[in-house]
Amino acid sequence: ADLLARRGDLYRRHEDFAAAALDLAAARAAQSDYPLLDLYEGMLLLDTGNPDEAEALLSRSLRDHPQPASAWLLRAQARLALGQAEQAAEDYAQAIRYADQPSPELYRDWSLALVAAGSKHWNAARDVVDTGLKRFPRDVSLLALGSDIALAANQPDIATGYINRLPPTITRLDQWQ
């Protein structure tokens, strides 16, 4: 089951989805309780545009094995595809919690999920940006996102605070003028 599942995942990464599905089905037939099978099948379903079934398998995987940050991230992506932005934001928070070294992109995606959940979540989205900036103080994508959220919330002074933290060479670019 392990070899079939890993080969199925390799096929998935190379976008040979039919071969991936065959190997994952064979892995399930060989050992239905193989620990990573729900995760691998969830990734395949997400990649092939089936977020409903992907979310169900990833939820089952997380129920049994809650530590992998990647599973939280994948379920967040499935939930966003299903229009469940608040739940996706919760999953991004868990992905950061379990990640050995969370990236600025995880904070950005968490914040964007909160933005997608509606204007009542914009302050929380900015809080996430600020939390990410504590770890990555000069990350341009987080600074840009923070300024965009502040401008959308009609808070130009807060937006200016983010912009003023940018390196001077960046603020001279047209898009920052």
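**Entry 1: the whole chain.** I began by checking what I was looking at, and this is a predicted model. I then looked up the secondary structure: the protein chain has 11 helices and 0 strands.

**Entry 2: extent and surface.** I looked up how far the C-alpha trace reaches along its principal axes, and got about 60 × 30 × 25 Å. The chain has 177 residues, and 42% of them are buried.

**Entry 3: α2 against α3.** How do I describe two packed helices? I note the angle between their axes and the distance between the axes. For α2 (residues 17-30) and α3 (residues 37-47), the angle is about 155° and the axes are 11 Å apart. Angles over 145 degrees count as roughly antiparallel, so that is what I call α2 relative to α3. I noted the crossing of α2 and α3 as left-handed.

**Entry 4: who touches whom.** Which residues of α2 meet α3? I listed Phe17, Ala20, Ala21, Leu24, Ala27 and Arg28. On the α3 side, they meet Leu37, Asp38, Tyr40, Glu41, Leu44 and Asp47. Sorting this contact by class, I got 8 nonpolar residues, 4 charged ones and no polar ones.

Note on methods:
Residues numbered from 1 in each chain as written. Predicted model: local features only at pLDDT ≥ 70, side-chain atom pairs only at ≥ 80, totals over all residues. Heavy atoms only, no water. Axes fitted to C-alpha atoms, helices over the stretch in contact; angles between N-to-C directions. Helix = DSSP H or I, 4+ residues; strand = E, 2+ residues; numbered from the N terminus. Parallel < 35°, antiparallel > 145°, perpendicular 65-115°, else oblique. Left-handed = near helix turned anticlockwise from the far one by under 90°. Contact = heavy atoms within 4.5 Å. Nonpolar A, V, L, I, M, F, W, Y, C, P; charged D, E, K, R; others polar. Buried < 20%, exposed > 50% of the residue type's maximum accessible area, 1.4 Å probe, protein only.
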